[in-house]
Amino acid sequence: MREQTAMTEKLIFAVRRWIDQDPDADTRSKLQQLLQRAEDSDASATAELQRLFAGRLAFGTAGLRAELGPGPLRMNRLVVRQTAAGMLSYAEEQLAKAQQQADNPQDLMRSGARKIVIGYDARHQSDEFAADTAEIFSAAGWEVHLFTRPGPTPLLARQVLVLDAEIGVMVTASHNPPQDNGYKVYLGGELSRFLEPHGHGVGAQIVPPVDQDIAARIAELADTPAPAAEVGAGAADGAGASAGDAEPHPVTDEARGSYEREALELLDPETYPQRDLHVVYTAMHGVGGEMVTSLLRAGGFTVTPVAEQFEPDPDFPTADFPNPEEPGALDLALKAAEAEQADLVLANDPDADRLSAAVYDESAGAWRQLSGDEIGALLGRHLLERGPLRPQADGSAPVLANSIVSSRLLARLCEVRGVEHAATLTGFKWLARVQHMSFGYEEAIGFNVDPEHVKDKDGVSAALIFAEMTASLKARGTSLIAALDEIAAEAGVFVTGQVTIRVNDLSELGKVTAALRAQAPVEIAGSPVVESLDLTRDPLPGTELSEATKTDALIYLTEAGDRVIVRPSGTEPKVKCYLEAVADTPGINADPEAIGAARAQAAKRLEQLRTSMESLLG
């Protein structure tokens, strides 16, 4: 009883301290009401407070992402201000070290250090979180560049490079449900060049150990009464920045225009002049609609937007889960495409960094949504055939790349054509660091067709290039489906799928891979395992293992050519198992019947893999 009372007193102290610092009247009021009920012996209120204060929101390589609400385990203004303060402290320390080590410290400071650019989408409170971040950095004397209105994530990523900013922040939860929000962090400028001297990560999202170091600094400052109080000071009564703080530099529509001009330059009108293409496009209630439709029309294509999903709406009224990959997410777009007799459906997720596509399959007599791996292979081949690929500044050969959990099809196509290929750990934070990359993708519908200007996935410029490719195929009297058969005839059939194993909570995730390490499979679906990699101790082929690149993932290759990858999610209580089955087809000249037979063979093998792994993982 005494222990329970002590725990309750500790909880009440933490809640009161949080209320004192919280700059948001709404979340402050919710906590005050819960606290009052808890002090009146309401067990449900006490339990709710315990859930809200059972730790603090983890800051990692994806930044922050969680449900909106009060307390340290939700996304709210105090969490954002504490995050900004910790990030600021870490950046100041690293820049001070850089200055000490510089040959000419004055040159370092004149080169533009202490600069941050902040963007945000149209989700609930995104603009507030962006303004809070701007205030924290402005008060510390940083040059702050703040977008004047919501925009796509790739626009912010591009601006980090344009401004040579030390830090970029994008307030977004991407394709999460409407009750969520998030906070992505990019490093550039002198800060990135100091932390990664080889320069490959300039303008990209953070990777270990930077995320861990920033997380530690956030927690350290949040647990220190004085700095934590200063983080929330003045904002609770709406005071905002002090009179001496410089106003942020507005990032206006000029930045949008500059992005669009560069994106249009990606088109190759001499080799691919065809523009007879009718696109139905959905922004999924996000921020991509204005830019994507503008670019497609400027490129000469016909566009019909899905009106019900065009304007940004943080409640996502027609999409419970606004992810284009989710079943039913494209229903309105497909209905419009049918009515318009369109050639192609394109869709972005709400922050427009991902791209999905659907096309009418004549043989099936129905519209078919393409997978991320299919889009990646189609874009990869198109960029190869536009060749030569954009030459690298130092004369090095260009590289195409994809994440390790994506299909091996692009790698095989590159091998056949004598082009360099790289596979990276999961996430564009790693793909963006591939040296000399000309195109990169991940199976979760993330694509980058312009790595020179955007160090992240970009669903806006990818939409433009995908339209160019589809129009060219249409002019030849062929289709995207036929193009996939051509790729299969050249490089083989690769069929992918997933098995998801759910656990009770995040703490159980490691048990699944630990059990596999203790007793590794000797065969999968009746085929012997001929090679296995444990990415906690083995590097990916062509890379070096380091503390930053160690990850809890297991890769198994079988004698039949299958591949299985087992990887805990890291953000959700589930383990993902990525499956791939293959069938050789080169030399059959894209004969539809032969390709179809090979696909059926690989699909059957895929189901055997699925059954085997479900049994193995329990």
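A: A residue is called buried here if its relative accessible area is under 20%, exposed if that area is over 50%, and partly exposed in between. The model is predicted. By that cut-off Tyr441 is buried, because its relative accessibility is 1%. Phe447, at 0%, is buried as well.

In soluble globular proteins, nonpolar side chains tend to be buried together. The largest core of this model has 118 residues. Within that core, the residues with the most contacts are Phe137, Ile167, Tyr183, Leu346, Leu370 and Phe466. Helix H17 (residues 459–475) gives the largest share, with 10 residues. A further core of 27 residues lies apart from the largest one, and Val495, Val503, Leu509 and Leu554 are among its members.

Once its neighbours within four places in sequence are set aside, Ile167 touches Met87, Ala91, Lys115, Ile116, Val117, Phe137, Trp142, Val185, Tyr186, Leu187 and Leu191. One of these partners, Phe137, is itself listed with the most contacts in the largest core.

Ile167 also belongs to strand S4 (residues 167–171), where 5 of the 5 residues are buried, so the strand is largely enclosed by the rest of the structure. Ile167, Val169 and Val171 point one way from S4, while Gly168 and Met170 point the other way. The residues on both faces are buried.

S4 has pairing partners in two other strands. Strands of a sheet pair through backbone hydrogen bonds, either parallel or antiparallel. With strand S2 (residues 115–120), S4 pairs in the parallel sense over 5 bridges. In that pairing Tyr120 has Val171 of S4 as its bridge partner. With strand S5 (residues 180–187), S4 runs antiparallel, and 4 bridges join the two. Here Gly168 has Tyr186 of S5 as its bridge partner.

S18 is joined to strand S19 (residues 527–534) by 2 bridges in the antiparallel sense. The bridge partner of Ile524 in S19 is Ser527.

Next come the aromatic rings. The whole structure contains 5 aromatic pairs. One of them joins Trp18 and Phe53 edge-to-face, with 6.1 Å centre to centre and 90° between the planes. Trp18 lies in helix H1 (residues 2–21) and Phe53 in the loop between helix H3 (43–52) and strand S1 (64–67), so the pair ties together parts that are 35 residues apart in sequence. Trp18 is buried, at a relative accessible area of 6%, and Phe53 is buried at 16%. The pair of Tyr441 and Phe447 is stacked, with 6.0 Å centre to centre and 15° between the planes. Together with Phe439, Tyr441 and Phe447 make up one aromatic cluster.

The charged side chains complete the account. There are 43 salt bridges in the structure. Glu93 and Arg217 form one of them, at 3.1 Å from N to O. Glu93 is in helix H4 (residues 77–101) and Arg217 in helix H9 (residues 210–222), 124 residues apart, and the pair links these distant parts of the chain. Arg217 is buried at 15% relative accessible area, whereas Glu93, at 32%, is partly exposed.

Lys457 and Asp353 form another salt bridge, with the closest N and O atoms 3.7 Å apart. Lys457 lies in the loop between strand S16 (446–448) and H17, and Asp353 in the loop between strand S10 (344–348) and strand S11 (355–361), so this pair ties together parts that are 104 residues apart in sequence. Both Lys457 and Asp353 are buried.

The bridge between Lys550 and Glu547, at 3.0 Å between the closest N and O atoms, has another setting. Lys550 is partly exposed, at 39%, and Glu547 is exposed, at 64%. Finally, a network of salt bridges links Arg381, Glu385, Arg417, Arg476, Glu486 and Glu490.

How values were computed
Residues numbered from 1 in each chain as written. Predicted model: local features only at pLDDT ≥ 70, side-chain atom pairs only at ≥ 80, totals over all residues. Heavy atoms only, no water. Phe/Tyr/Trp six-rings, centres within 6.5 Å; stacked < 30°, edge-to-face > 60°. Buried < 20%, exposed > 50% of the residue type's maximum accessible area, 1.4 Å probe, protein only. Core = buried A, V, L, I, M, F, W, Y, C linked by side-chain atoms within 4.5 Å. Contact = heavy atoms within 4.5 Å. Salt bridge = Lys/Arg side-chain N within 4 Å of Asp/Glu carboxyl O. Pairing = 2+ DSSP bridges.
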